[in-house]
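I opened the model to look up a few packing details. My notes follow in the order I made them.

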Amino acid sequence: MAVNDQMTNAPTLNSDAKGMTAFEPQDGLSNILITGGGGFIGSQLAYSLAATYPDYRVVVFDLFNYKGSLNNLDRRVQNVSIFKGDIFNDEDLSTAIMAYQIDAVIHLSAQTSVDASLATPYESSKANVVGTNVVLENCLKHGVKKFVHMSSADVYGKAEAPGGKFREDVAPRPVNPYGASKAASELIVHEYQARGVDTFIVRASNVYGPKQFPDKLIPKSITLLQQGQKVMIQGTGEDVKHWLYISDVSNAFNVILHRGVPGEVYNLGSHHASTNYNLCSSMIKTITGATDVELWMNKVPGRPVVGKPVGMDFSKLEGIGWTQQVGLEEGVAATVKWYGDNAAKWWGNLPQILGITPK
Ligand SMILES: NC(=O)c1ccc[n+]([C@@H]2O[C@H](COP(=O)([O-])OP(=O)(O)OC[C@H]3O[C@@H](n4cnc5c(N)ncnc54)[C@H](O)[C@@H]3O)[C@@H](O)[C@H]2O)c1
């Protein structure tokens with residue numbers, strides 16, 4: 001079903017193509033469908049691709065059952081089409097792929113949270129493993145030439161990291177259902193590569209930036225602080241995460257679409273790592289001006305098992321033209337500003353989403 005009249009009070013969007021490399025448009029790559037295209041990463045990727053390649057058509061395919069996702073879309077952009085559909089519905093996928101003569105699919109739709117996957121592991125497998133299979137089967141059936149699959153650094157978990165970094169050829173050893181479901185989905189992707197679809201797998205570190213639903217560390221901490229509440233720190237806060245700003249992620253997909261080698265796995269890592277404690281301390285100082293950051297922290301129990309705090313070797317992706325452009329300080333500052341200006345009108349009842357009682 002095409003989405004026509006659902007956008008009512010959505011704020012105006014600007015296409016943010018910052019940092020996207022403009023490659024020569026490729027023959028046979030005019031129509032690109034993004035599953036989960038209404039979400040945080042998909043929507044910003046869609047508008048960046050559409051702005052960089054005016055001759056391409058980008059189809060945002062999404063269930064739109066996600067809070068605020070319609071606000072991520074701007075129907076005035078001529079070369080973006082919006083399709084409401086479920087990746088578990090063959091008919092929805094077939095209709096969209098055939099109607100728009102899709103050449104490439106970027107598959108982002110997923111159950112995306114580690115904590116949710118620990119609570120409902122079967123849901124995670126269904127969404128991420130079976131869901132990927134359904135999308136790939138429809139790609140094969142309808143002659144889609146390229147399939148770019150969003151996996152995660154979580155597949156590595158407690159894997160061996162020779163040289164202190166995870167390389168793409170390291171055998172995954174996930175430690176949570178989310179990572180396991182992504183690792184399993186990768187095997188299905190390899191199978192379709194063997195059957196004739198050109199596939200590309202992206203294992204991404206933690207992504208942040210404007211328009212991310214405030215249930216992940218950075219947007220949740222920012223919105224809590226902006227509501228005058230304490231941030232939540234899991235365990236001691238010593239977990240290390242590697243951070244990628246959204247525009248660098250959009251550009252990685254752009255590079256892989258135009259320069260990627262079929263059948264390859266690409267680590268999408270970051271030069272910017274921080275413990276959760278240090279990252280939260282810096283957001284507390286910026287937003288509240290406090291010097292005693294501990295006063296603004298609620299310590300809650302950590303996850304039962306965490307992966308190794310090592311980063312990924314992403315020289316393969318750099319070798320085909322990707323570079324990280326946005327540092328953590330710059331990216332967090334832009335994100336803090338966006339949430340201050342927009343969070344309330346984007347998601348509505350923030351105290352309810354954050355599980356807090358307003359002061
Ligand atoms: N955000 C991160 O830090 C990060 C890091 C590594 C990998 N990833 C991966 O990137 C992808 C996108 O993540 P995101 O942060 O944009 O998530 P998101 O939750 O913002 O977006 C996911 C979108 O998928 C849609 N969706 C869910 N089920 C669907 C279905 N059955 N049919 C159609 N659409 C459906 C949702 O409506 C939502 O708009 C996911 O595969 C995620 O696992 C994210």
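Predicted model: local features only at pLDDT ≥ 70, side-chain atom pairs only at ≥ 80, totals over all residues.

**Entry 1: helix 4 and helix 5**

I started with helix 4 and helix 5 (residues 177-194). Which residues meet there? On the helix 4 side I listed Pro121, Ser124, Ser125, Asn128, Val129, Thr132, Asn133, Leu136 and Leu140. On the helix 5 side I listed Pro177, Tyr178, Ser181, Lys182, Ala184, Ser185, Ile188, Val189 and Tyr192. By class, this contact has 10 nonpolar, 7 polar and 1 charged residues.

Next I checked the geometry. The axes of helix 4 and helix 5 come within 9 Å and cross at roughly 15°. Angles under 35 degrees count as roughly parallel, so helix 4 is roughly parallel to helix 5. I noted the crossing of the pair as right-handed.

**Entry 2: helix 2 and helix 4**

I then turned to helix 2 (residues 90-99) against helix 4 (residues 121-141). Their axes lie 10 Å apart, and the packing angle is about 40°. Helix 2 and helix 4 are therefore oblique to each other. Helix 2 passes helix 4 in a right-handed crossing.

From helix 2, the residues I found in this contact are Asp90, Leu93, Ser94 and Ile97. They meet Val134, Val135 and Asn138 of helix 4. I sorted this contact by class and got 4 nonpolar, 2 polar and 1 charged residues.

**Entry 3: the ligand shell**

I moved on to the ligand. How many residues are around the ligand, and which come nearest? There are 25, and Gly36, Gly39, Phe40, Ile41 and Ala110 come nearest. By class I recorded 12 nonpolar, 11 polar and 2 charged residues in the shell.

I also looked up which elements contribute. Helix 1 (40-52), strand 5 (146-152) and strand 8 each supply at least two residues of the shell. Helix 1 gives the most, with 3 residues.

**Entry 4: valine 207**

Last, I picked one residue. Valine 207 sits in strand 8 (residues 206-208). Is valine 207 buried or exposed? I found 23 other C-beta atoms within 10 Å, so valine 207 is buried.

I set aside its neighbours within four places in sequence and listed the contacts of valine 207. They are Ile41, Leu244, Ile246 and Val249. Ile41 had already come up in the ligand entry, among the residues that come nearest to the ligand.

Valine 207 and leucine 63 are 144 residues apart along the chain, and their C-alpha atoms are separated by 22 Å.

Terms used
Residues numbered from 1 in each chain as written. Helix = DSSP H or I, 4+ residues; strand = E, 2+ residues; numbered from the N terminus. Buried ≥ 20, exposed ≤ 12 C-beta atoms within 10 Å, placed from the backbone. Contact = placed C-beta atoms within 7 Å. Near = placed C-beta within 6 Å. Nonpolar A, V, L, I, M, F, W, Y, C, P; charged D, E, K, R; others polar. Axes fitted to C-alpha atoms, helices over the stretch in contact; angles between N-to-C directions. Parallel < 35°, antiparallel > 145°, perpendicular 65-115°, else oblique. Left-handed = near helix turned anticlockwise from the far one by under 90°.
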